[in-house]
Amino acid sequence: MNLLRPTPDQMRRFALRETDVRHARSFEPIVAGPVVALVLLALAGIAGVVAAPFVLLARLFGARR
Amino acid sequence: MELDAVVVGSGPSGAQAAKELVEAGLQVAMLDVGFDEPALAASIPAVPFSELRRTDPDQRRYFLGENGDADADVNDRIGAHFTPPRAFIKRGVAEYIPLASDSFFPETSLALGGLGAGWGSGSQTFEPFELERAGLPVVEMRELYDVVARDIGVSGSREDDTSETSIPTVVQPPSAIDTNARTIMAAYARKREALRCAGFALGRAPLAMLTEPLRKGTSFERGSNPYNDMDFYTESERSIYRPKYTIEELRTRPNFRYIERALVERFEDRADGVRVSFRDVRDGSERSLTAARLILAANPLNTARIALRSANAIGVKQPLLCNPYHYIPTMNVAMLGRAVGDRRHSLAQLVGSYTPDHRGGEHVFAAFFSYHSLLNFRLVREMPLPPAVGLLVSRVLMNALTIVGVHHPERATSDKWVRLGASGLEAGYALDACERVDIAADLRGFAKVLRALGCIPLSTIATPPGSSIHYAGTIPTASGSGDPALTCASDGRLNGSQNVYVADSSSWRYLPAKGPTLTMMANARRVARAAVRSFEH
């Protein structure tokens, strides 16, 4: 699981963007009712599963290099 | 001035001990390193968090640090509440008071106000059986809880199920709880009978946070909390008690002297009083002063360091207590996709007391936090997802996310210790098999309770030993058998000395799961009273 977590560099860029006032709204909570929330969580889960092998390969390949 | 007493440390214990001594008319000096950097917190506009996020182009200064672009340590996983305006709390620790350990990772501080400068302000009282196990007198402590609560300002409800014996009698009205906490309280009300049968009680958190002004019309006036949800970054109208407020007040008294940048190294108990040696951290110069009494209140690790060094007790093991701590991120189903109000505070909204059968009456204690002002990045870095997907999850979950911090009770064993080694203080910490079994059972039971409240546990995160920031027991009150080399008498006096007192939680033999800070302050008053009485003899 640790291999799938964002890297320190990714998180640094993420935090800088989150604290940029121009992007503030794109970090606010999504309030659209429980059904939409569940659908979004399901989509995020699917996206995570699809992305996982590519992230793993990229990390392993990157580590070997 | 001729000194009657020297107090070491300006944290919650030191501040309250000094106040008791000064009010008794003694000539008092406080030795303290006292790092403080209030400018950043003071520069933050006094508007709600969500408004700041949308309007302040300089927000990176206080959310990530003054040099946010270059130095932001957004990957530090421990101590999220030590935000950039509070970075001074940890300043100088590694340099001046290092601890060598591969199994214990505490937070200590050389700040003005010590760790109290970042205190989450939970203000529970210990119950009689908890006080007795800790070695503290029940009647005197219950009186002193009210003395402290009146002095610092504690808000809370005496009507909730958690309040029966865990809140001072002198309190301000409870703080307003947020939308998330209200839905959890509503779920608790619906299932109250079954949950009480299972040993669980829920209530609003008693906090050292003002809901009404205190000392109105004086130069020490403090305001009520503005509900800006910026309590991890600003002083919020001084509504949340910090020991430095007491120090500021004491510094206006003619019989009090604050000596800053003084790192106490050792003491020598002599016929003419106690000679205290300290180092000025500005230039490294060695200095000393003499007083009739010495009050150690430097936190259990530093108090042990000073006492062991003074006794030349190299290699002697002393016990160490620290509550094991887990946190459980949960999703409050009732809040999924729902909006929350803008106006709220950032501290614990609710507290839960769980008394499972296997604990024989002991409580496991939890604080419930709504997650908002610590930003998305602290959540996203924990998710095994690409950042963009993690952000989506974080935005959907944010208003439903409830972080439950669970503290377990703690007793001394031979595997938890501190000692003075050749190069400084060392510590070791390991739970025995029985403790691990109890903790696992606590967590299983707690997970059931949380599900009954509609909060689905997403994970259970075991923090490294020392993370609870609740420390005690390094110079315990003597119990008559099996005592370590250094112990205290029941009034806090260091055994073997007539003039040295231990006023912090070093003297406790047991550490209940509740937040210890209010009890530390009441105990410091008690020990200071004993020191005052010693002059009468």
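**Stop 1: an enclosed helix**

Start by selecting Pro243(B), Lys244(B), Tyr245(B), Thr246(B), Ile247(B) and Leu250(B), the buried residues of H11(B). Buried here means that 20 or more other C-beta atoms, placed from the backbone, lie within 10 Å of the residue's own; 12 or fewer makes a residue exposed, and anything in between partly exposed. Helices (H or I, at least four residues) and strands (E, at least two) are DSSP runs, numbered from the N terminus. Helix H11 of chain B covers residues 243-250, and six of its eight residues are buried, so it is largely enclosed by the rest of the structure. To see part of the cover, show helix H1 (12-23) and strand E5 (256-259) of chain B.

Before moving on, note that this is a predicted model: local features need pLDDT of at least 70, side-chain atom pairs count only at pLDDT 80 or more, and totals for chains, interfaces and linings use all residues. Residues are numbered from 1 along each chain as its sequence is written, while chains are lettered from A and ligands numbered from 1 in the order in which they are written.

**Stop 2: a hairpin and its neighbour**

Now pick E17(B) and E18(B), a hairpin with two residues between the strands. Strand E18 spans residues 424-429 and pairs with E17(B) in the antiparallel sense over six bridges; strands count as paired if DSSP finds at least two bridges between them. Click Lys416(B) and you'll find its bridge partner, Tyr429(B), in E18(B).

**Stop 3: where the chains touch**

Next, colour by chain: 36 residues of chain B are in contact with 32 residues of chain A, contact being C-beta atoms, placed from the backbone, within 7 Å. On the chain B side, H14(B) gives the largest share, seven residues. By class, that side has 20 nonpolar, eight polar and eight charged residues. (Nonpolar is Ala, Val, Leu, Ile, Met, Phe, Trp, Tyr, Cys and Pro; charged is Asp, Glu, Lys and Arg; the others, Gly among them, are polar.)

**Stop 4: chain A by itself**

Chain A has two helices and zero strands, and its C-alpha trace spans about 45 × 30 × 15 Å along its principal axes. Of its 65 residues, 18% count as buried.

Definitions and conventions
Two residues are in contact if their C-beta atoms, placed from the backbone, lie within 7 Å.
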